[in-house]
Protein chains: 2
Amino acid sequence: MQKFFYPRRVAVVGVSEDPANLAQGIVANLLHFKYQGKIFLVGRRPGATYGLPIFSRLSDLPEPVDLAAILAPARVVPALVRECGELGISRVVVESAGFSELDDAGRGLEEEIRAALTHYGMRLVGPNGLGLVNLEIGLALPFAQMQPFPRPGRISIIAQSGGVATHVLAWMSKEGLGLNKFFSLGNKLDVAENEVLEYLLEDPGTGAIYVYLEGLQDGRGLLAVADKATKPVYLHMANVGPETATIAQSHTASLTTDERVLEAACRQSRLIRVKTQSEFLNAARLVGQPPVRGNRVVVFSRSGGEAVVTADACRRFGFTLPPLSETLVQDITARSRAGVIHPTNPIDLGDIFDFNVYLDIMASACRDPEVDAVLFHYGPIMADIEQEAAREMARRMVELAREAQKPLAITVLCTLNEADYLRDDLGIPVFHFPEEAVQALAVSRDLAARGESRGLAEPPPLPEAATVAETLTGSKPGGFLPLAQALTVIGALGLDLAPWAATATPEAAAAAAGRLGFPVVLKLSAPSLVHKTEAGGVILNLPDAAAVQDAFNRLAQVALSHLPPQEAWQVVVMSQVAGGQEVLLGARRDDSFGPVVAFGAGGVDTEILDDVALRVAPLNPAQARDLMAETRIGRILAGARGRPPAGLDSLSRALTALSQLMLHFPYLREVDLNPVRVFPGKPGILALDARIRLDD
Amino acid sequence: MQKFFYPRRVAVVGVSEDPANLAQGIVANLLHFKYQGKIFLVGRRPGATYGLPIFSRLSDLPEPVDLAAILAPARVVPALVRECGELGISRVVVESAGFSELDDAGRGLEEEIRAALTHYGMRLVGPNGLGLVNLEIGLALPFAQMQPFPRPGRISIIAQSGGVATHVLAWMSKEGLGLNKFFSLGNKLDVAENEVLEYLLEDPGTGAIYVYLEGLQDGRGLLAVADKATKPVYLHMANVGPETATIAQSHTASLTTDERVLEAACRQSRLIRVKTQSEFLNAARLVGQPPVRGNRVVVFSRSGGEAVVTADACRRFGFTLPPLSETLVQDITARSRAGVIHPTNPIDLGDIFDFNVYLDIMASACRDPEVDAVLFHYGPIMADIEQEAAREMARRMVELAREAQKPLAITVLCTLNEADYLRDDLGIPVFHFPEEAVQALAVSRDLAARGESRGLAEPPPLPEAATVAETLTGSKPGGFLPLAQALTVIGALGLDLAPWAATATPEAAAAAAGRLGFPVVLKLSAPSLVHKTEAGGVILNLPDAAAVQDAFNRLAQVALSHLPPQEAWQVVVMSQVAGGQEVLLGARRDDSFGPVVAFGAGGVDTEILDDVALRVAPLNPAQARDLMAETRIGRILAGARGRPPAGLDSLSRALTALSQLMLHFPYLREVDLNPVRVFPGKPGILALDARIRLDD
């Protein structure tokens, strides 16, 4: 990565004298940002542009270069890459489109390039992107004009869309947020997000990172990299729903990400999920400020209304407004011009026009160990009368906050040019509206509250792996296990099932029911029977042996009419369990993040109840408890309103066992236990059904 | 109202030559906005400012004035108001602070003013506000400088905070949104929001209204007024939580509003609830556009990434992206320069630089009856090469949209000065980010989907009003009814209760239990016993007569130890009902909106389940059904997954009965039926408990 971001000599390939030539844009950007290295131009026809000669071949260049930025038709790119390899140019940036995002021919070209990279030991950025930028040395390789020009700063960007990145960059400039490095991923033929992120996390010039992605090749890798983050990483994942899949695929060849898995993955890591560009821009204003270490904010405002609005926002984002200290209350009361003030928090400064009072409040809030952040609504300043005094006050405020290591945010009427002074000259985070300031403080607080990520634990060994493996032997890829097999796997994991037996004749079923105790349930078990209930493959409430035999015969009819000829089937007899509450336990393999474990409200109403929480596996028992506590049913089972808790230990053991199962057997696609019954005051749980699907 | 907004001659009272004199600000604003009427100044000391003479008394003015704007110390205001009355000045605006928002003395001054208003038949705006503005005639009465100066337009503002209004006004100017009228409510001594809103809804100059409130004096009145709205009314209620109550009270003397009631009230009316200033500013960009009549959006974008981001936002806000027509698909494919395009929706324009294609897409989307709105991501335009052609395209787009009566929204890179041209010269709604455009479209769609508000129906008569009234006779204000009385009221309403009887001796209880059938529950019933269960006043699972007598005696002990001496008590014997699902039905009187009816998941876990929906009463059976459908439990009871529905008719009858009860008996504060049991496949319901609280 270092060689990509800090080359000493760069060749721009694909330049011509034609004013419509796109590669000229690269040259223009390098010149504008005063690239500190040397620039060489290469194009099919010799000539000159921007006062630089155009060489017709890379081998004609007078000096060896470290990096080649290529913007030429896709079909000629493989040859150009090989030429770079021959010449020992180990870093290549390809901005041309027309590769895997377009069609099979494009995919073929990428394969050719990949072969060249391996052969010559080269690395490549793109294709189909904007290249990269490092403002520290004026390296700006995008062919598109960057307008307004980014200003140098501490924020770096990794983006899978040039358009989105350009848009964000433009607003960063407008909002006074400076850029350090920018990396356009394009089709990620070689270098992908995780490698760049790992580099930027160590990069001294980078203070925070915005990552825009439309697909994740290796979500678990991302979590592992982000685990080491000591700076904010704002992850903006687009293409998280079915509507976007088509466009994103053609655009950068990405797979849709499951939003709920993404949300869970971010929450359990140090990644900050932002859903929109403006959410990032807003949060980024606090980059460089100390973290918000708790929940307590002091708000003071020159407008009572804005104070109310701010307090509403504080409530919405979970902040509290602690009462002010006695001394401060007295002080404020004494200094109020007409006494028209109530020294509460938020503080409506009302008719106090004495900036020294503002500073006293600020000093007091900074001193107070019970205060985690300060929010000041500046309001309009009478330019001619107050400006100098107001600036002096703001300077002192910054000093006070810095000494106390407390974050300070200011909202300012946009009308005021003072906003630019506060932001650019004093480095105070300035917000347009109170809500935005509070939201940014909340992002900082939530990140600080996560503390050190414990990361993905090493999975403990699976005790009954051999039994499970044996049961799975010979199963059909892509299909579901027959119920009896699925129940055997779950039993082998050590999870408690309602007592059951697999039977092959009406008599055996009746005998088994007699052993298990009536009433029982009969369920048809066969490989191709996925929706048992819908097919009539489940019969409930069987009170005696005769009913069981009769039910067995009905299921035999169902098997005859629903199953392919010759498919083997059995009938599972299971005790019918009364009472308790229904939960679901599940696990599945996510395309981006791998094995994921689920817990939530179960039964037939799972979808309506919409009360399921997820976690990327593996998880330990403590994390399983946290997962359950994220759901309403989990809080109810924990023993709300003085009732005894229900089956929590068993549930957390079951969840960790599912996590281990998925990690140990990578060809398992999905495991669903629904319903699982739990009983207030009892430690045990009983799974009543199990579905296991194998990978294709 | 007309006389407030269109005065011909205005007196500004409280002016002096002192440069720090605040009333001078009023004069400055009137002059800046070129007030079309005559301005007269009044102050204690004669003199002149802004070239106008200062008269020392109102009676000295050379001509009669229609309106007096007063900014003088609070203590002299009552006398000034009386002087206005004597002179026949029927409209007064008071901007001074120091009234009811401050202390008792201030409240006294307001009383004096109120007396004068009644005596002289005058109307008053304020005090403690910024007065009003009508840009149609240049009337601008705020004493504060309005910077940047608002531009004339179609949006009017009613605001309870000068600071918040100024902030919004400043951003309106920055975002190209013009002002028509502005009304600062201040302490609402006389004129309050509903009267102003009613006027502005009829006002031809006003196209949309932003209402900022920190308290609602008459929420039902607001709903009634908003019912007639044929233009968007954006209601921004601040001070909706406990944290803000203190500050808002001192600031404009308001009571906190219950957020959930507010949310329900807006949803059932034509009010658009906005939670922040920026939410309003964003939605307001679409003022003047045709309504979004459905769910289907066509998105096309010069950046693939922005198209993906837009599609994500569409999904989040419930929009669908219908496939493009065959003809259009072929056309796009044919015109693509390198064929690097997939004609899906959203459309990534990729390498199509031909603006005629853009127009074709626009025309096709406008023609298509299956398309409700068009969203175009403009992207950067090469200023020197494309500007003229791009402007011509935009002009044609506006025409196409206008002809088709379809809303068109554009997102633009902020870097582009073209954004101002599109917005100001062509009147196209221009957004900074895709998400914002989609959000604004969603607000318009949701308003259009509400159709004509049916308003608050006339409540039908309460059949058993006499019985209820009799039962309530002699009850203690502010207290709870004893359980037996509460059950009698609920029974009189025609709601089914679990069979019960009130008893006074162990023997009577045992006899009643025998009649009702075992098992039974015993509950202590007494006026001062609010938390029965916590006090040990409920005993469950009594299987026989002996157990009932024993339980009665235990309850007698509880009565002895928990109740005040001499308080009468009884024991309610109730059948213990097994099975079914628990719901809650409730009603309470909200400070702002009056009677509100509630439905949701019941039982002891109500709070954790957090599944309760509200509606401002009255409600008819259809509205009761809608209310239930807003909850998860309601959707489950409706018969999800093929199960038979449970008790819906009975529940909707019960909800309407509660609504009638609250309207009929204004001294009822709260009615709670929790739990009420419902049974799948059965029409009936059984209430197991009832709590009724009376007003103070």
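**Notes on a predicted two-chain fold**

1. Helices (H or I, at least four residues) and strands (E, at least two) are DSSP runs, numbered from the N terminus. The phi of B:N239 is near 65 degrees, a positive value in a residue other than glycine. With 29 other C-beta atoms within 10 Å, B:N239 is buried. Here a residue is buried if 20 or more other C-beta atoms lie within 10 Å of its own, exposed if 12 or fewer, and partly exposed in between, with C-beta atoms placed from the backbone.

2. Some housekeeping before going on. This is a predicted model, in which local features need pLDDT of at least 70 and side-chain atom pairs count only at pLDDT 80 or more, while totals for chains, interfaces and linings use all residues. Residues are numbered from 1 along each chain as its sequence is written, and chains are lettered from A and ligands numbered from 1 in the order in which they are written.

3. A:D610 also has a positive phi, about 50 degrees, although it is not a glycine. You will find A:D610 in the loop between α21 (606-609) and β26 (612-616) of chain A. A:D610 is exposed, having 11 other C-beta atoms within 10 Å.

4. Two cis peptide bonds in chain B deserve a look. One joins B:G126 and B:P127, with omega about -5 degrees; B:P127 lies in the loop between β7 (123-125) and β8 (132-134) of chain B. Another joins B:N345 and B:P346, with omega about 10 degrees, and B:P346 belongs to the loop between α12 (326-335) and β16 (347-348) of chain B.

5. Now for chain A as a whole. Its secondary structure comes to 24 helices and 29 strands, and its C-alpha trace spans about 95 × 80 × 35 Å along the principal axes. Of its 696 residues, 54% count as buried. Taking contacts between residues at least 6 apart in sequence, 70% join residues at least 24 apart; a contact means that the C-beta atoms, placed from the backbone, lie within 7 Å.

6. Chain A has an open sheet of 7 strands in the order β3-β4-β2-β1-β5-β6-β7, with mixed pairing; two strands pair if DSSP finds at least two bridges between them. The edges are β3 (47-49) and β7 (123-125) of chain A, each pairing on one side only. Within the sheet, β2 (residues 38-42) and β4 (residues 52-55) of chain A run parallel over 2 bridges, and A:V42 has A:F55 in β4(A) as its bridge partner. Helix α2 (residues 24-32) of chain A packs on the sheet, and its direction makes about 170 degrees with that of β2(A). Such angles run from 0 to 180 degrees between N-to-C directions, and axes are lines fitted to C-alpha atoms, for helices over the stretch in contact.

7. Strand β13 (residues 233-237) of chain A is mostly covered, with 5 of its 5 residues buried. A:V233, A:L235 and A:M237 point one way, and A:Y234 and A:H236 the other. Strand β12 (residues 208-213) of chain A pairs with β13(A) in the parallel sense over 5 bridges; there, A:Y210 has A:Y234 as its bridge partner.

8. Helix α10 (residues 277-284) of chain A is mostly covered too, as 7 of its 8 residues are buried. Those buried residues pack against several elements of chain A, including β12, β13 and α16 (434-450).

9. In helix α24 (residues 648-664) of chain A, 12 of the 17 residues are buried, so α24(A) is largely enclosed by the rest of the structure. Among these buried residues are A:L648, A:L651 and A:M662.

10. Helices α17 (residues 465-472) and α18 (residues 483-492) of chain A have axes that come within 9 Å and cross at roughly 170 degrees. A:T467, A:V468, A:T471 and A:L472 in α17(A) meet A:Q485, A:T488, A:V489 and A:A492 in α18(A).

11. Finally, chain B has an open sheet of 4 strands in the order β20-β23-β21-β22, with antiparallel pairing. Its edge strands are β20 (500-503) and β22 (538-542) of chain B. The twist averages 20 degrees from one strand to the next.

Note on methods: Contact = placed C-beta atoms within 7 Å.
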